[in-house]
Amino acid sequence: MKKIKIMHFVSGIGNDGVTQFLTNYTSRLNKKNNVSEIIVYQHKPNVTKLKLEQSIGNKTYRVPFKAKHPIKNLFATYRLIKKEKPDIVEAHMNLVNFFPLSVAWFCRVPVRISHSHIAQDIDNINPKLSTLFKKLCIIFSTNLVACGENAGKYMYGNRNFHIVYNAINLDKYKFDNQARNEIRNKYHISDHTLVLGKIGRIVKQKNDKFLIDIFSDYLKKNSDAVLFMIGNGTPEDEKQIDTYIQKKNCKNKVIRIEGIKSTEKFYSAFDIFLLPSLYEGLPVVGIEAQANGVKSLISSNIDPTVIYSNSVKLLPVNKGTLIWIDNIKVNDRAKKKTQSGNYNIEKQYEKLYQYYLDAVKLRG
């Protein structure tokens, strides 16, 4: 069979779950299967992540930002599809998946995949507009895909959809005592200091102000603690969270680190992993934390199918900080359960390849 050419459309290439998803899957598909993959993005990329995507065999293109230049975006998308002639166009932009998929439909691309990575409306979107966008995504798609049950039901309602798990290299994130000591020594943290950690972008969705509230209130109970916040955001969002950290009088206790290439060592340095998001699809960081075994306190707004070990506790984000503080207790690293196979990239990338093959055969 000829090589399958897949064109992925994303908002940007950075320190986010969609980029990590593509990295995990395409690095294996490009190397081990008869696949050629292209990533089309809009926003200014994280240079390190862009080079990584290119180094694992992905061709990359940047098109104009659709919100500012919708016509230019459509024409650039049209030219790229005509140039590359993909067998599959897969959109990872949630409610606006219809934008590239409509062009792919016009260009008669046989397989058009809408991929949902969120399970709730983004901030400030009109409900009627959200409903319209979902319908358009379905109309211009041949295949409906989601990262989990909640993300699929959110985007597609009662229609059938296929789940592609946000799988990772589980071995890469195993607890490593040497890494724990390395990180703690680097940041001058003693063995008895409690280390809390959050990994993810600084955006409203991640509920960072509530995270700071939790930490600030916890310090009243135990002052020998630090909080790692790993990830970046827009200059405005970063300034707001830095100002809030200062307002809550915990500046000297919060270690802010902008996006880095590899985060696996930090999970080993953490005693507690926190993810109090307002909403998620199915967060990769939650899967990584469980692979490490670190105790994880995550928002009950997150799809519970993310849980595959006994290291996770779901907590509400609308009932104050006390319930979170009461659960900040250090346990031994947890053992993974057998259902972690859903999140094992070595098993899941072959399933995705077969899904692509079947889709091309059906529509080809």
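Okay, let's start with helix α11: its buried residues pack against α1 (17-32), β8, α10 (264-269), β11, β12 and β13 (312-315), where contact means heavy atoms within 4.5 Å. Before I go on, this is a predicted model, so local features need pLDDT of at least 70 and side-chain atom pairs count only at pLDDT 80 or more, while totals for chains, interfaces and linings use all residues. Residues are numbered from 1 along each chain as its sequence is written, and side-chain values use heavy atoms, with hydrogens and water left out.

How many of α11's residues are buried? It's 9 of 9, among them V284, I287 and E288. Buried means under 20% relative accessible area, exposed means over 50%, and partly exposed is in between, using a 1.4 Å probe and protein chains only. Helices (H or I, at least four residues) and strands (E, at least two) are DSSP runs, numbered from the N terminus. Just after α11, G293 takes a positive phi of about 95°.

Now, strand β11, residues 272-275. I272 and L274 point one way, F273 and L275 the other, and all are buried.

Which strands does β11 pair with? With β8 (residues 194-199), in the parallel sense over 2 bridges, and with β12 (residues 295-299), also parallel, over 4 bridges. Pairing here needs at least two bridges found by DSSP. Look at F273: G197 stands opposite this residue on one side, and S296 in β12 is opposite F273 too. From β11 the chain crosses through α11 (residues 284-292) to β12, and this β-α-β crossover is right-handed. Right-handed means that, with the strands pointing away from the viewer, the path from the first strand over the helix to the second runs clockwise.

On to charges. A search of the whole structure finds 14 salt bridges, each a side-chain nitrogen of Lys or Arg within 4 Å of a carboxyl oxygen of Asp or Glu. In one of them, E346 meets R28 at 2.9 Å, N to O. E346 lies in α13 (residues 345-363) and R28 in α1, so the pair ties together parts 318 residues apart in sequence. Buried or partly exposed? R28 is buried, at 14% relative accessible area, but E346 is partly exposed at 36%.

Another one joins E280 and K206, with the closest N and O atoms 2.7 Å apart. E280 sits in the loop between β11 and α11, and K206 in the loop between β8 and α8 (208-219), 74 residues apart. Both E280 and K206 are buried. That's it from me!
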